[in-house]
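Q: Can you take me through this one? I'd like the main features, briefly.

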Amino acid sequence: MDQVGYLNDSGAISELNERISRTESETQAEIAIVVLPSVGDYSPKEFATALFEAWGIGKKGKDNGVLFLHVVDQRRLEIETGYGMESILTDIKCKRILDELVIPEFKGENFSLGIVKGLRGIQRGIQNPEIGLSDLVEEKEEIFPYIDQPISHYIQTMETNMSAEHNGMGIFKRMLFEPKQSFKEFVVFFLSLAAIAVWFLFGGFLSILPFGNQSIYKVYSYFGKYLSWISGIIAGFSILPTELSESDTFFSILNLIPIGLILYFVNRKIENRLRNNPRTCPVCSQKMQKLNETKDNAYLSAGEISEEKIYSVDYDIWHCKGCDIHIKEKYSGSSPASTCKKCHFQTFRRISITVKRKADYDSGGLEIHHYECAHCKLTENREVHTAKLTRSSSGSSSSGYSSRGSGGSWGGGSSGGGGAGSSY
């Protein structure tokens, strides 16, 4: 993987890929060559080890992988080896490959040639584990004289790209400074946000009215719950493709969580206000008082009290002191239950499961689901047949090319922490 570009520009990438593929075919060893402009605040050695582990270079169980890393801004080269490669490519061999084959070419800004020579040295070490140090670094075959651009060319290109990325308008900035153009570009995003805003304004208006009504609450609760959440999801994901391609702020992705929290708490606040706004007495038109959970039991039947005890239903009792009448309002609880066919209260729910036969790969299983009414104690057992288990097939193959990119399909090897590093 060459993120700087000199291996592609010189054409050396073709020879490197061919050699990596041939080495894996002959020895099963996996080699990755990575050229990066920077690794940030990491040291190249730390980054090499972390990248090796993340990609899993080498065959699983054999750990026969090698990572050849060039970090341009730190002028540093690292060879990282897997556990199974440490006795073959020892630390001293890796160091000699870098110091005698690679570094001299890098000091002359022949980067592609240095990488090719380094890979050839690694190949010789893998193919001939007993090779001596002098033979390891001796070039007996003719090498194509790859020619690179001056490193200043690549550094200038990288700085230009980083500056453009930093100073680019970006999605969020375009929304602030070019609202008309942004609206045309992200019309679905803005219309979705507008739908949420309009619905919240409508709910906010209803919540500040001096009177309340259960029908108003139910309409807002039902439509508001779905409209606001669907609009929020559409708003976030409508901008996602553009954002992933530009990657300037990740505005919509990072705001999915706070937008979701805002939707939840605003909806909850409006619903609480609508549910608790004073009701108007149908007889004397005076405001009624909502009774607390203890006092409202006097106006509930035994079955309704049972419904509240299991949180299947929640009742609000509004009482008028002047007329001494009350209004009963029924709301869904946090743990809904089915309606009992005997007492007709919403108190029939599953209380336990007994496994009679576990499912396997040849046949399904059998469970007995035990139901009981929390009010009249009616019981019922239901047989439930579960599906048989299915076998999942998995397998992977790897091709030793350096062009596999960010860990495409390596064999699952681990780093042994061995190898060597050199600066130029």
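Q: What is the helix share of residues 186–211, and how far apart are the end C-alpha atoms?
A: The span is 81% helix and 0% strand. Its end C-alpha atoms lie 40 Å apart. Helices here are DSSP runs of H or I with at least four residues, strands are E runs of at least two, and both are numbered from the N terminus.

Q: What is this model, and how are things counted?
A: This is a predicted model: local features need pLDDT of at least 70, side-chain atom pairs count only at pLDDT 80 or more, and totals for chains, interfaces and linings use all residues. Residues are numbered from 1 along each chain as its sequence is written, and side-chain values use heavy atoms, with hydrogens and water left out.

Q: Switching topic: how many salt bridges turn up in the whole structure?
A: The search finds 20. A salt bridge is a side-chain nitrogen of Lys or Arg within 4 Å of a carboxyl oxygen of Asp or Glu.

Q: Which residue does Glu18 meet in one?
A: Arg22, at 2.9 Å, N to O. Both residues lie in helix 2, four residues apart, about one turn of the helix.

Q: And the strands: in which sense do strand 5 and strand 6 pair?
A: Antiparallel, with residues 313–320 and 325–332 joined over eight bridges. Pairing takes at least two DSSP bridges between the strands. Val313 has Ser332 of strand 6 as its bridge partner.

Q: What about the hairpin's Asp324?
A: Asp324 takes a positive phi near 60 degrees, and the hairpin has four residues between the strands.
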